[in-house]
Protein chains: 2
Amino acid sequence: MRIAELSERSGVPIPTIKYYLREGLLPRGEATGRNQARYGNEHLSRLRLVRALTTVGGLSVATVREVLAEVGEPGVGLHSKLGLVMRRLPLVGDDIEPREEDRERARAFVTRRDWFFYPDHPALEALAVVLAGHREAGHPVTEADLDRYAESAEQIARVDLDRISGLPEAEDVLEGAVIKTVLGDTLLAVLRRLAQVDESAERNLDEAGRRAAREG
Amino acid sequence: MRIAELSERSGVPIPTIKYYLREGLLPRGEATGRNQARYGNEHLSRLRLVRALTTVGGLSVATVREVLAEVGEPGVGLHSKLGLVMRRLPLVGDDIEPREEDRERARAFVTRRDWFFYPDHPALEALAVVLAGHREAGHPVTEADLDRYAESAEQIARVDLDRISGLPEAEDVLEGAVIKTVLGDTLLAVLRRLAQVDESAERNLDEAGRRAAREG
């Protein structure tokens, strides 16, 4: 495909693609003329990865170059590649303006799960924002995945409520809730990262691979 | 108790306590002399709540004053109080310097769970940081709670890995992993908030209370 089609299919503007080419983040296409080149699906994949790392991941161009170099080393398996990328990621993403359809989906979701909710709760708007973020990044969340995550969230909320129940004063409960909720978000994000490493090793590495990966 | 004991038991310096008194965040004690007052356990509870809201919660003094006024309205049940406080909270906490004991506990934990891990993975240090945060806030995480959260994290990691498996190119997998991990942290934090509201309503409200709470 030509650069115009690469831009259209990736959603990345042509000047940005040219910048990535100059910076070496995207390999040159096959030259077909003085000022023309042809790009393949591997360019499209790379372009989407670079965009994810810079926008959602918040990485600098220099860091992306480093990550790509590490990932591109010969003989690096998928599990290790995942590890190399994931450890560079921040623990939270940025905000995006949701559309009305995202807000409707958020409301429909909590209604379908039969969750008690307040229509003006900021978490409902935050759910619309994060659904919009997935949609705009070209990785919409399916209802099935949302349900699987919601089941985990329900389990977690039971632990959360157990942890603050039985405290003597209402204000003790509130203090515990503040600390355990805010620090708990980070705790869960961190445990998720560690569990991902384990799950990825489980799926992608045999015993020898585990030993080799561990020894770096 | 005197202000000195209040300071010692809460860990809040006396000048800060005096500032909270002047700002009306902490009610005056019972006057026992020209410049002396006696404080009770309700002062200690309130002080710990104010500190949690300002430090971990990151709220301004003005916002804390608002929250306390709302929470202090007569006839507001615990479920509604929780809701009033929780909706003001940011979705992530700040960092803290862990001690060696926190790092050891983090390593011992992943070892005990038999998780595959890299000793230099940043999530392991992040786990130590968040354990330190709970400890310093006076709400250490028990091993039992950590285990219950870890089970949820394992479930979530299985969903995560399912969501990125089967993509055609390694770089597609990586791009999906970046987007789904970073946005997924927010997604999970948001679902957790919504599930907490539901769980708290389940535990603390009857049918009439649910109707009343929903109508605000």
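This note takes the predicted model point by point: confidence, domains, hairpin, interface and symmetry.

1. Basis. This is a predicted model; local features need pLDDT of at least 70, side-chain atom pairs count only at pLDDT 80 or more, and totals for chains, interfaces and linings use all residues. Residues are numbered from 1 along each chain as its sequence is written, with chains lettered from A and ligands numbered from 1 in the order in which they are written.

2. Confidence. Helix 6 (residues 100-112) of chain A has the highest confidence, 95. Helix 5 of chain A has the lowest, with a mean of 72. Helices here are DSSP runs of H or I with at least four residues, strands are runs of E with at least two, and both are numbered from the N terminus. For the complex, the predictor gives an ipTM of 0.72 and a pTM of 0.71.

3. Domains. Chain A splits into domain 1 (3-86) and domain 2 (100-204). These bounds come from an automatic or database domain assignment. The C-alpha centres of the two domains of chain A are 32 Å apart. Eight residues of domain 1 of chain A contact seven of domain 2 of chain A; contact means C-beta atoms, placed from the backbone, within 7 Å. On the domain 1 side, helix 5 (residues 78-86) of chain A supplies the largest share, five residues.

4. Hairpin. Strand 1 (residues 30-33) and strand 2 (residues 36-38) of chain A run antiparallel, joined by three bridges. Pairing requires at least two DSSP bridges. Two residues separate the strands in this hairpin of chain A. Glu30(A) has Arg38(A) of strand 2 of chain A as its bridge partner.

5. Chain interface. 85 residues of chain A contact 86 residues of chain B. Helix 9 of chain A gives the most to the chain A side, 32 residues. Elements giving two or more residues include helix 3 (41-54), helix 7 (122-136) and helix 8 (143-164) of chain A.

6. Symmetry. Chain A superposes on chain B by a rotation of 180 degrees with 0.0 Å of shift along its axis, RMSD 0.1 Å. In chain A, Ser152(A) has the C-alpha nearest the axis, 2.7 Å from it. The same surface serves both copies, as 100% of the contact residues of chain A recur in chain B.

Note on methods
Two residues are in contact if their C-beta atoms, placed from the backbone, lie within 7 Å. pLDDT is the predictor's confidence in each residue, from 0 to 100. Copies are superposed by least squares on the C-alpha atoms of residues with pLDDT of at least 70 in both.
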